[in-house]
Amino acid sequence: MFDETRLYLPTDPVLRQIAAVQTLANWRHEGRGPAFIKVGARVAYSGKALNDWLARQTVEPAAA
């Protein structure tokens with residue numbers, strides 16, 4: 001889904017598919033959500049980290 005060779009800033013519109021900017025900030029503060037890179041005050045998400053996190057969110061419904 002995300003380009004694994006790219007870094008995404010929290011304000012990148014494509015991240016709206018996952019959550020709002022403030023939700024991503026809350027998750028970072030709570031130690032939840034996708035792994036992120038922090039350099040000084042700047043935050044970014046690698047495409048690989050986003051794809052890995054999304055894969056872990058998959059829920060398989062129980063067989064009936």
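The model is predicted. Along the principal axes, its C-alpha trace spans about 50 × 25 × 20 Å. Of the 64 residues, 30% count as buried. Among the contacts with a separation of 6 or more, 46% join residues 24 or more positions apart.

**Strands and sheet**

The protein has two helices and three strands, which follow the pattern β-α-β-β-α along the sequence. The strands form an open sheet in the order β1-β3-β2, with antiparallel pairing. Strands β1 and β2 (37–39) are at the edges and have a single partner strand each, so one side of each lacks a neighbour in the sheet. Helix α2 packs on this sheet, where it touches β1 and β3, and its direction makes about 65° with that of β3.

Strands of a sheet pair through backbone hydrogen bonds, in either a parallel or an antiparallel sense. The two pairings found here are listed below.

| Strand pair | Sense | Bridges | A bridge partner in β3 |
|---|---|---|---|
| β1 and β3 | antiparallel | two | Tyr-45, for Tyr-8 |
| β2 and β3 | antiparallel | three | Arg-42, for Val-39 |

The hairpin of β2 and β3 has two residues between the strands, and Gly-40 takes a positive phi near 65° there. Strand β3 is largely enclosed by the rest of the structure, because four of its five residues are buried.

Helix α2 covers residues 47–56, and its buried residues are Gly-47, Ala-49, Leu-50, Asn-51 and Trp-53. These buried residues pack against β1 (7–8), α1 (21–30) and β3 (42–46).

In soluble globular proteins, nonpolar side chains tend to be buried together. The largest nonpolar core here has 11 residues: Phe-2, Tyr-8, Leu-15, Ile-18, Ala-19, Leu-24, Trp-27, Val-43, Tyr-45, Leu-50 and Trp-53. At least two residues of this core come from each of α1, β3 and α2.

Leu-50 is one of the core residues. Leaving aside residues up to four places away in sequence, Leu-50 touches Phe-2, Tyr-8, Leu-15, Ile-18, Pro-34 and Tyr-45. Tyr-8 and Tyr-45, both in that list, are also bridge partners, with Tyr-45 lying in β3.

Ser-46 belongs to strand β3. Its side chain reaches the backbone nitrogen of Ala-49 at 3.0 Å, and Ala-49 is among the buried residues of α2. Ser-46 also touches Arg-6, Leu-7, Tyr-8 and Ile-37, again not counting residues up to four places away in sequence.

Gln-22 is located in helix α1. Its relative accessibility is 52%, so Gln-22 counts as exposed, the cut-off for exposed being over 50%. Gln-22 and Thr-11 are 11 residues apart along the chain, and their C-alpha atoms are separated by 9.6 Å.

Note on methods. Residues numbered from 1 in each chain as written. Predicted model: local features only at pLDDT ≥ 70, side-chain atom pairs only at ≥ 80, totals over all residues. Heavy atoms only, no water. Buried < 20%, exposed > 50% of the residue type's maximum accessible area, 1.4 Å probe, protein only. Contact = heavy atoms within 4.5 Å. Pairing = 2+ DSSP bridges. Axes fitted to C-alpha atoms, helices over the stretch in contact; angles between N-to-C directions. Core = buried A, V, L, I, M, F, W, Y, C linked by side-chain atoms within 4.5 Å. Polar contact = N/O pair within 3.5 Å; in protein donor to acceptor, adjacent residues only side chain to side chain.
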